[in-house]
Amino acid sequence: MIAREWRPPPLVADARLRYAIYGGALAYLLLALGSLEINWSRAVEGLERGWRLVAAFLRPDFGARWGEIVDGMRESLTMTVTASVAGIALSVPIALGAARNLAPRPVYLACRSIIALSRSFQEIIIAILFVAMVGFGPFAGFLTITFATIGFLAKLLAEDIEDTDPAQLEAIRATGATWAQWVNYGVQPQVMPRLIGLCVYRLDINFRESAVVGIVGAGGIGATLNTAIDRYEFDVAAAILLIIIAIVMVSEYASSHLRKWVQ
Amino acid sequence: MIAGPPRGGPVRFLADPMLRTIELTKRYATGDLALDRVSLEVPRGQVLALIGPSGAGKSTLIRCVNRLVEPTSGRVLLGDTDLTALTRAELRMARRRIGMIFQEYALIERLTVMENVLSGRLGYVGFWASWFRRFPAADLARAFETLERVGLVEFVDKRADALSGGQRQRVGIARALLQNPELLLVDEPTASLDPKTSRQIMRLLVELCGERGLAAVINIHDVVLAQEFAQRVVGLRGGRIVFDGPPGALNAAALTAIYGDEDWSRTAAEEAAARPPRGAVLPDRDRMGALGQ
């Protein structure tokens, strides 16, 4: 038997170009690392403060600000649920418009633009804008999360609608159904499990977002947390973070269960 | 009894055809000419098999009838209605008169058998009635009666994806019948079925057409099934009608005209002529011999 050699073809065929790319990437990485200005003495100071925070976790203080924590948590949960419901309600029609197999071209482009707009900004930036517009408080958080939900849910739902079986849609169209009946009988049964899964998943994300947007003034438990850190009450902050972790874990567990069940 | 000889011949018009296409042409956006001036008349109550190689335009032809595919030019007449001249709302009304049956059944997989069957009534009921599945009592009675006729009445609340291929196609047939149609368009009803189920489905279709006086245009790949169950066979090739006649006239020369050169001696011709009249019972294996050339 003749021994033959074989190697997988390289990604870049030209060896000189290939090594030039490797060398260039390495040189850039070294230069970039060199350009970082790290203040080591400040870092050491911060390390000590960080350690106090970690130490606070070992003895979190739930009692001292319990009333404020409960208020913040209630505000966050209210914000999460109302914003999720509003976001989902707005997402469904936008998703129908953003599905190429359902909507005429102008509607498609308009709905895709809304989605692109919503997806192009991080929640914090949107929250800052809404706080500037409607003032501090949970209403800004509600608007932020509603807006962010549209970008997520409408995009993924529209993609699922575009993946539906065209034969089933054709069959309903052939019966003389109206557009609304066609969506109700042809599209909805095909996308329902995915829609429910996405909604539950988004509810879960929205709770985490509600804690984050509070830090820029949009109310909720995030605002309470921010206040606690500003006052150097790390034991209170630790208590808040532990509660957030517990709620996120419970909702994560519940939502994964629910999603498995609807498949 | 049959009009519409191959193109170029004299055209005799029927007094009152169920369906008539006049110079029907479809050119897709890609430039492919799927239908080339097809003129065809289907009398009331006639079961017509449309045969031809893949890509001959069979699917396009039946979809141009109910305008699931928009024809490029030409006209389609359903009774006295010019389907090609209708507005969207009028077209919806006209589609109710045309039942359609599909190759892969095209049932809504996650809906129940009953919901699938009742979806045949969508053109007749309002949105909220259909949303809440509150169909008129007469529709329900009709649905139960039709499911009984196709032998699926005990499956009403089963989901469509829990059924076998033959059962699904029966649901598809029941859905089409619920429209109370005058014409059935049937697209490869047996392509996904085994030979025995294929024959049962074809027999059911032809019986139902007979019972209700329905005309049907059936796209079918299986020449032997077409010959056995249809009253008339039309051959399509390259978007044109190249054969139109009774099943008995489908000889080797006709098959070559439709499909191209091949040894057709086992498939049709003399064998078809020698076959006993339709409805006579023949052991299945005789037909199977003809199937596997």
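Predicted model: local features only at pLDDT ≥ 70, side-chain atom pairs only at ≥ 80, totals over all residues.
**View 1. Helices H8 and H10 of chain A, side by side.** Here we're looking at H8(A), residues 179-213, next to H10(A), residues 234-262. Their axes come within 9 Å and cross at roughly 175°. An angle over 145° counts as roughly antiparallel, so that's what H8(A) and H10(A) are to each other. On the H8(A) side, the contact uses Pro193(A), Ile196(A), Gly197(A), Val200(A), Tyr201(A), Leu203(A), Asp204(A), Phe207(A), Arg208(A) and Ala211(A). H10(A) answers with Ile244(A), Ile247(A), Val248(A), Ser251(A), Glu252(A), Ser255(A), Leu258(A), Arg259(A) and Val262(A). Sort the residues of this contact by class and you get 12 nonpolar, three polar and four charged.

**View 2. Helix H4 of chain A packing on helix H6 of chain A.** H4(A) covers residues 105-120 and H6(A) residues 138-162, and their axes sit 8 Å apart. The packing angle is about 125°, so this pair is oblique. The crossing of H4(A) past H6(A) is left-handed. From H4(A), look for Ile114(A), Ile115(A), Ser118(A) and Arg119(A). Their partners on H6(A) are Phe147(A), Ala148(A), Ile150(A), Gly151(A), Ala154(A) and Lys155(A). That gives six nonpolar, two polar and two charged residues in the contact.

**View 3. Chain B, with its helices and strands.** Over in chain B there are 11 helices and 10 strands. The chain runs to 293 residues, and 44% of them count as buried. Take the contacts in chain B between residues at least 6 apart in sequence: 68% of these join residues at least 24 apart.

Key
Residues numbered from 1 in each chain as written. Chains lettered and ligands numbered in written order. Axes fitted to C-alpha atoms, helices over the stretch in contact; angles between N-to-C directions. Helix = DSSP H or I, 4+ residues; strand = E, 2+ residues; numbered from the N terminus. Parallel < 35°, antiparallel > 145°, perpendicular 65-115°, else oblique. Contact = placed C-beta atoms within 7 Å. Nonpolar A, V, L, I, M, F, W, Y, C, P; charged D, E, K, R; others polar. Buried ≥ 20, exposed ≤ 12 C-beta atoms within 10 Å, placed from the backbone. Left-handed = near helix turned anticlockwise from the far one by under 90°.
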